[in-house]
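Here's a quick walk through a structure that may be new to you. Have a look at it first, and then we'll go through it topic by topic.

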Amino acid sequence: MERFHLVIWDNDGVLVDSEPIANRILAELLTESGWPTTYEDSLREYMGGSMKLVREVVEPKLGRPLPADLEDRYHEQLFLRMRTELLAVEGVREALDELDLPVCVASSGAHARIELALKKTGLYEKFAGHIFSADDVERGKPNPDLFLHAAREMGVAPEHCVVVEDSPLGVTAARAAGMKVIGYAGMTPAERLKDADVVITAMSQLTQQIRRLDAS
């Protein structure tokens with residue numbers, strides 16, 4: 001059995017507890033733009049996806065483009081709140097300290113958002129130089145492009161990677177990339193992550209589950 005050589009981490013909802021902030025802002029902005037959206041709608045439809053995906057989903061239904069400044073307004077509000085409210089996911093520091101494998105981040109967020117989140121929560125040094133964004137590829141999650149890009153840049157074959165994800169879009173992308181995937185049911189109901197190889201409900205379970213997958 002070949003060992004894992006790389007752990008690829010999603011960022012929002014896995015490393016940092018940003019999904020409640022981000023999805024409340026997105027729901028408000030979409031509603032203001034003429035597409036009524038609740039917080040629960042945003043979590044269900046867009047969590048784990050990029051702003052490009054939001055446009056691809058909403059605009060055909062809306063019948064017109066969303067406002068040109070949607071992304072700028074979203075990031076302005078998001079960054080403001082992240083600077084004061086953002087926390088690391090419970091137990092993630094300990095999980096990172098336990099791992100004896102290289103790590104990187106592959107997130108649907110823009111580079112500025114990822115960097116701000118990791119610096120605010122004190123996790124940046126764990127990933128500095130190994131941070132990849134959906135902005136780096138043509139197609140974001142649920143397509144495999146971002147995870148494949150991260151693996152290629154890290155010099156690791158997809159079959160030697162394990163991904164930590166909290167969204168169905170991310171699980172789909174990881175599986176399409178030919179990687180093992182651990183679903184983190186922090187905010188996401190575990191049944192929505194059923195396509196993951198294993199689902200955990202606490203970061204304290206992560207290292208044990210990676211070892212179990214590695215030995216299977």
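**Charges over rings**

The charged end of R24 sits over the ring of Y39, with 4.2 Å between that end and the ring centre. Keep in mind that this is a predicted model. K119 does something along those lines too: its charged end is over the ring of Y124, 4.8 Å from the centre. As for pairs of aromatic rings, the count is 0.

**The overall picture**

- The protein chain has 10 helices and 6 strands.
- Its radius of gyration is 17 Å, close to the 17 Å that the globule rule gives for 216 residues, so the chain is as compact as a globular protein of that length.
- Of the 216 residues in the chain, 54% are buried.
- Take the contacts with a separation of 6 or more: 66% of them join residues 24 or more positions apart.

**The nonpolar cores**

- The largest nonpolar core has 50 residues, and W9, L15 and M203 are the ones with the most contacts inside it.
- Helix α1 (residues 19–32) gives the most to this core, supplying 6 residues.
- There's also a second, separate core of 24 residues, with I8, A106, A134 and A185 among them.
- Who does L15 touch, not counting residues up to four places away in sequence? The answer is W9, D10, A88, V89, V92, L96, V105, L118, L123 and F127.

**N23 in helix α1**

- N23 is found in helix α1, and with a relative accessible area of 3% it counts as buried, because the cut-off is under 20%.
- Not counting residues up to four places away in sequence, N23 touches Y39, S42, L43 and M47.

**Helix α6 and what follows**

- Helix α6 covers residues 111–120, and its buried residues are R113, I114, L116, A117 and L118.
- What do those buried residues of α6 pack against? They pack against α1, α4, β2, α7 (124–127) and β3 (131–133).
- Just after α6 comes G122, which takes a positive phi of about 75 degrees.

**S107 in strand β2**

- S107 belongs to strand β2, which runs over residues 103–107.
- Buried or exposed? At 1% relative accessibility, S107 counts as buried.
- The S107 side chain reaches the backbone nitrogen of G109 at 3.0 Å.
- Leaving aside neighbours within four places in sequence, S107 is in contact with D10, N11, D12, I114, F132, S133, A134, K141 and L146.
- I114 in that list is also one of the buried residues of helix α6, and A134 is part of the second core.

**A88 in a loop**

- A88 lies in the loop between α4 (70–85) and α5 (92–98).
- The relative accessible area of A88 is 19%, so it is buried, given that the cut-off is under 20%.
- Its contacts, leaving aside neighbours within four places in sequence, are L15, V16, D17, R93, T121 and L123.
- M179 is 91 residues from A88 along the chain, and the C-alpha atoms of the two are separated by 25 Å.

Key
Residues are numbered from 1 along each chain as its sequence is written. This is a predicted model: local features need pLDDT of at least 70, side-chain atom pairs count only at pLDDT 80 or more; totals for chains, interfaces and linings use all residues. Side-chain values use heavy atoms; hydrogens and water are left out. Rings of Phe, Tyr and Trp (its six-membered ring) pair if their centres lie within 6.5 Å; planes under 30 degrees apart count as stacked, over 60 as edge-to-face and the rest as tilted. A charge sits over a ring if NZ of Lys or CZ of Arg is within 6 Å of the ring centre and within 35 degrees of the ring normal. Helices (H or I, at least four residues) and strands (E, at least two) are DSSP runs, numbered from the N terminus. Buried means under 20% relative accessible area, exposed over 50%, partly exposed in between (1.4 Å probe, protein chains only). A polar contact is a pair of N or O atoms within 3.5 Å; within protein, one must be able to donate a hydrogen and the other to accept it, and residues adjacent in sequence count only if both atoms are side-chain atoms. Contact means heavy atoms within 4.5 Å. A nonpolar core is a set of buried Ala, Val, Leu, Ile, Met, Phe, Trp, Tyr and Cys residues joined through side-chain atoms within 4.5 Å. The radius of gyration is taken over C-alpha atoms; the globule rule is 2.2 Å times the number of residues to the power 0.38.
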